[in-house]
Amino acid sequence: MTSFTDSLTGWFNGLTWLPDMSPAIVAVFVAGILALAVFTFMSLNALVAVYFERKVSAFMQDRLGPMEVGIFGFRGGKKFWGGIGQTLADAIKLLGKEDTIPADADRPLFILGPFILFGAAFTAFIGLPIGWGMVISDFNIGVFFITAITSVGVIGIILSGWASNNKWSLYGAMRSAAQIISYELPLGMSLLLVVMVAGSLQFSDIVQWQEDNRWFIIHSPFTVVAFMIFLVSGVAEANRTPFDLPEAESELVAGYMTEYSGFRWSLFFLSEYASMVIISLMTAIVFLGAWLSPVAGILRMFGVPEGWYYLSGPLWGLFWLMGKVAFLIFTMMWFRWTFPRLRPDQLMYTAWKVFLPFALANIFFVGLWELLLA
Amino acid sequence: MYSDFAPIPVFAVLSVVLIGVALFLQRILAPAEKTALKLSVYECGEEVEGPAWIQFNIRFYVIALIFLIFDVEVVLLFPWAVVFKDLGWVAFIEMLIFLGILTVGLVAVWSRRDLDWVKMKVPYGQGRYAKLRGSAE
C-alpha cells in the first residue's frame, strides 16, 4: 500500500540535482510539505465551510446578510455567489483583531489550550485516506489512531476553559469534558463493529472489504444502527448543535472560548470545522464506502460487466468521497437549524441510557450475525 | 513500518510553528491598546465577583469514573475485534462474559441513579426533606 509519504519520498530521491541527504532529513521534509498542505486545507476548509454554513442557514432561515454581500464592487444579490465577500472579509478581519489575554487568566495555560486543540485536529489528518494510496500514512492501526488523537482535543478545551478564570468558560469546559467522554464510548463501540467484520484496523483494508462485499451501512441491520449512533455521537464530539452546550451562546456567552479573541479564537474555529470534516470523512470511509462508486456497486449487483459507466477510478473516487463528505457536513448544518439545544441531563441520558446499551447490544448481535450467517 | 509514524512528530511541531507565525503576523497587523477594562474577564458585562477557580458541584463525576472503566474496555476490545473472525465462537463467548460483567456494572450504576441529574433517593417531602417541607408551608 503506497501513501503520499512514499510517493513524495520517491520523488525526492529521484531529484538528482539535490545533494545527498540522509533518509531521516528527507522524511522530515516530506512530512513538512504534507503538513503545510494540511494546514492550507484546514484554513481553506474553515472559510468554505463557514460560507457553506451561512448559505445553508440563510436558506433555512431566510437571512439577508449571507445572501447579499458582494465582492470587489459586484453586487451579490440572491445568487450563489452572494455573501462570498463576507467570508473573505472574515479571514482578513481575524488577523487584524487585537489579541487580548485577561489580566486574571492563567497565562501559560491560556496560551497552551488552543495549541493542543488545534494540534489534535491537525495531526488527525495524517491517518485519513482520500483514495487508494492517497493518504499521508496508511497506519495498520488507522481507526485506533484517529479515535485516540481526536480525543486529545478535549484537554485543550478544559485547559482553555479553566485558564480563562471566567465562570462561563469553566462551565463550558466542564460540560465539554462530560459530553466528550460520554459520547466517545458509543463512538468507539460503533467503530468496533466495522473492525469486527472487516478484521482490520487499517482504513485501506476496511475499504477493500467494502469493495469486495458491500458498504457497511447496508451490511446488516445492526450496522445501520451503528451508523446512526456513530453519526450522532460524532456531532456531539465536534460540539455541534444540538450538542453545543459547551459553547451555548444564549447561556454561556461562548463557553470555553469566551475570553479568546483574534487569531487565538480562530484556532477554536478552525478546529471545530476541521473536526466536522474529520467526523464526516470517518463516517464516509467506514460506513458509506469511502471513495467507492455507488453506481458501480449497484451495477455489479446486477452483474453488468465493468466499463466507463461504472464511474470509478481515482478522480471519480475523489468525487464520490467529497460528495459523501459534503452531504454529511450539510446534514450537520441541517441539524443545527432544525433541532433545539439539549439540556445537560438529556445529553447524558442520550449517551448513557440510549446509545451505550444499544452499542453494547450491537456488538453482541453483530458477533452472532457474523458467526451464524457469514 | 515505523516510518509510518514519522509524520506525527513533524505535524505536531509544525502545528506549533504555523500557529506561531500566524500569531506573529497578528502582532504586527492588529492594534494593541490594552486597558484595564479590556483585560478584565467578560461575564455578560456584570462586574466579576471573585475568581472562577472555585469548588462547585460537578454533576456526573461518577460518570467520569465509569468512563475510565468502559474506555479501557473499548481499548481491550479493539485487538479482540481484529482477530474475532479467526477465533470464532471461543473468542465471542469469552468476550460475552467480559461484556456481561461490565453490563452488570452499568445496570448497577443506572439503578443507583448515578446517571441522573438529580440524585434523589428519598422522595420529596419525606426523610430529610420533611423538615424542609414543613418550613415552606
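**Close-up views of the predicted model**

View 1. Apart from residues up to four places away in sequence, Val152(A) makes contact with Ile116(A) and Ala120(A). Val152(A) belongs to the loop that joins helix H6 (142-150) to helix H7 (153-163) of chain A. Phe118(A) is 34 residues away from Val152(A) along the chain, and the C-alpha atoms of the two are separated by 9.9 Å.

**View 2. Contact between chain A and chain B.** On the chain A side 63 residues take part, and they are in contact with 56 residues of chain B. Two or more residues each come from helix H2 (23-61), helix H4 (84-96), helix H5 (107-124), helix H8 (167-198), helix H12 (262-286) and helix H15 (344-373) of chain A. H8(A) provides the largest share of this side, 14 residues. By class, the chain A side that touches chain B consists of 37 nonpolar, 16 polar and 10 charged residues.

**View 3. The two domains of chain A.** Chain A is split into domain 1 (1-96) and domain 2 (106-373). The C-alpha centres of domain 1 and domain 2 of chain A are 20 Å apart. Across the boundary, 19 residues of domain 1 of chain A are in contact with 22 residues of domain 2 of chain A. On the domain 1 side, helix H1 (4-14), H2 and H4 of chain A each contribute at least two residues. Which helix gives the most to the side of domain 1 of chain A that touches domain 2 of chain A? H2(A) does, with 12 residues. The residues on this side of domain 1 comprise 11 nonpolar, 7 polar and 1 charged.

**View 4. The largest nonpolar core.** This core has 134 residues, and the members that touch the most others are Leu192(A), Leu193(A), Val194(A), Val195(A) and Ile278(A). H8(A) gives the most to the core, with 21 residues. Domain 1 (1-96) and domain 2 (106-373) of chain A each supply at least three residues to the core. In soluble globular proteins, nonpolar side chains tend to be buried together. Leaving out residues up to four places away in sequence, Leu193(A) touches Phe222(A), Thr223(A), Ala226(A), Asn362(A), Ile363(A) and Val366(A).

**View 5. Helix H12 of chain A.**

View 6. Asn165(A) sits in the loop between H7 and H8 of chain A. Asn165(A) is buried, because 21 other C-beta atoms lie within 10 Å and the cut-off is 20 or more.

Notes
Residues numbered from 1 in each chain as written. Chains lettered and ligands numbered in written order. Predicted model: local features only at pLDDT ≥ 70, side-chain atom pairs only at ≥ 80, totals over all residues. Contact = placed C-beta atoms within 7 Å. Helix = DSSP H or I, 4+ residues; strand = E, 2+ residues; numbered from the N terminus. Nonpolar A, V, L, I, M, F, W, Y, C, P; charged D, E, K, R; others polar. Expected span 1.5 Å × (residues − 1). Core = buried A, V, L, I, M, F, W, Y, C linked by C-beta atoms within 7 Å. Buried ≥ 20, exposed ≤ 12 C-beta atoms within 10 Å, placed from the backbone. Domains from an automatic or database assignment.
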